[in-house]
Amino acid sequence: MRLRSIPLIVGAVLILGTGVALGSHVTQVDPATVPTGFLAAHNSVAEFPVGPFARAAAAEGAEVYVQHARIPAGGSTIWHTHPGPVMVTVVGGSLTYEDAHRGECRQRTYGPGFGFVDPGFGHVHRAVAGDSTLDFYAVYVLPPGSPNHLIAANQPEECV
């Protein structure tokens, strides 16, 4: 009887270990090092689609990541997508959001106090910093079990 339960125990340990590994693939800032209070307030996020957020949620909820990102002047992220929607708010510098839309490469620029929602789910884009260091906050709402918050992608043909 005990020998039959060994595979079940080993399987449970492997499943739990995998869950911990997936959930800990990004480092987390020690909350004691972050000042309390609002990190951004009264920022305007136009065009807030709720569909991608509903799509990311499952019966057991969704995984949420909150990130402070900094890009040096003139720098950019890689071209990428996300497994779910991301709400972005700019708190310093300017962010130019580049993506392909209706056969054209679209560029929209956001300054401090403004932001946008990236729908995720295969929507390829990148962020480009302006003439000064860019600081922004990103709140990712991802389907449970997402292996990562960012997925590298090829540059859209419209943006070459």
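This is a predicted model: local features need pLDDT of at least 70, side-chain atom pairs count only at pLDDT 80 or more; totals for chains, interfaces and linings use all residues.

Colleague: OK, which residues form one aromatic cluster?

Modeller: Tyr97, Tyr110 and Phe116 do.

Colleague: And how many aromatic pairs does the count come to?

Modeller: It comes to 4 aromatic pairs. Take Tyr65 and Tyr140: their ring centres are 6.4 Å apart and the planes sit at 80°, so that pair is edge-to-face. Tyr65 is in strand S2 and Tyr140 in strand S9, so the pair ties together parts 75 residues apart in sequence.

Colleague: Is Tyr65 buried or exposed? And Tyr140, buried or exposed?

Modeller: Tyr65 is buried at 13% relative accessible area, and Tyr140 is buried at 5%. Then there's Tyr97 with Phe116, a tilted pair with 4.4 Å centre to centre and 50° between the planes. That one links Tyr97 in strand S5 to Phe116 in strand S7, 19 residues apart. Both Tyr97 and Phe116 are buried.

Colleague: What sits over the ring of Phe121?

Modeller: The charged end of Arg55, 3.8 Å from the ring centre.

Colleague: Switching to the core. Which residues touch the most other members of the largest nonpolar one?

Modeller: Val88, Leu95, Leu134 and Phe136, out of 17 residues. Strands S2, S4, S5, S8 and S9 each give two or more residues to this core, and S9 has the largest share with 5.

Colleague: Now the disulfide. Which cysteines does it join?

Modeller: Cys105 and Cys159, with 2.2 Å from S to S. The link is right-handed, with 100° about the S-S bond. It connects distant parts of the chain, with Cys105 in strand S6 and Cys159 in the segment after strand S10, 54 residues apart.

Colleague: Last one, His80. What does its side chain make a polar contact with?

Modeller: The side chain of His82, at 3.3 Å. A polar atom of the His80 side chain also lies 2.7 Å from the backbone oxygen of Ile78. His80 is in strand S3 and counts as buried at 5% relative accessibility. Its contacts beyond four places in sequence include His123, His125, Arg126 and Leu150.

Key
Residues are numbered from 1 along each chain as its sequence is written. Side-chain values use heavy atoms; hydrogens and water are left out. A nonpolar core is a set of buried Ala, Val, Leu, Ile, Met, Phe, Trp, Tyr and Cys residues joined through side-chain atoms within 4.5 Å. Buried means under 20% relative accessible area, exposed over 50%, partly exposed in between (1.4 Å probe, protein chains only). Helices (H or I, at least four residues) and strands (E, at least two) are DSSP runs, numbered from the N terminus. A polar contact is a pair of N or O atoms within 3.5 Å; within protein, one must be able to donate a hydrogen and the other to accept it, and residues adjacent in sequence count only if both atoms are side-chain atoms. Contact means heavy atoms within 4.5 Å. A disulfide is a pair of cysteine sulfur atoms within 2.5 Å. Rings of Phe, Tyr and Trp (its six-membered ring) pair if their centres lie within 6.5 Å; planes under 30 degrees apart count as stacked, over 60 as edge-to-face and the rest as tilted. A charge sits over a ring if NZ of Lys or CZ of Arg is within 6 Å of the ring centre and within 35 degrees of the ring normal.
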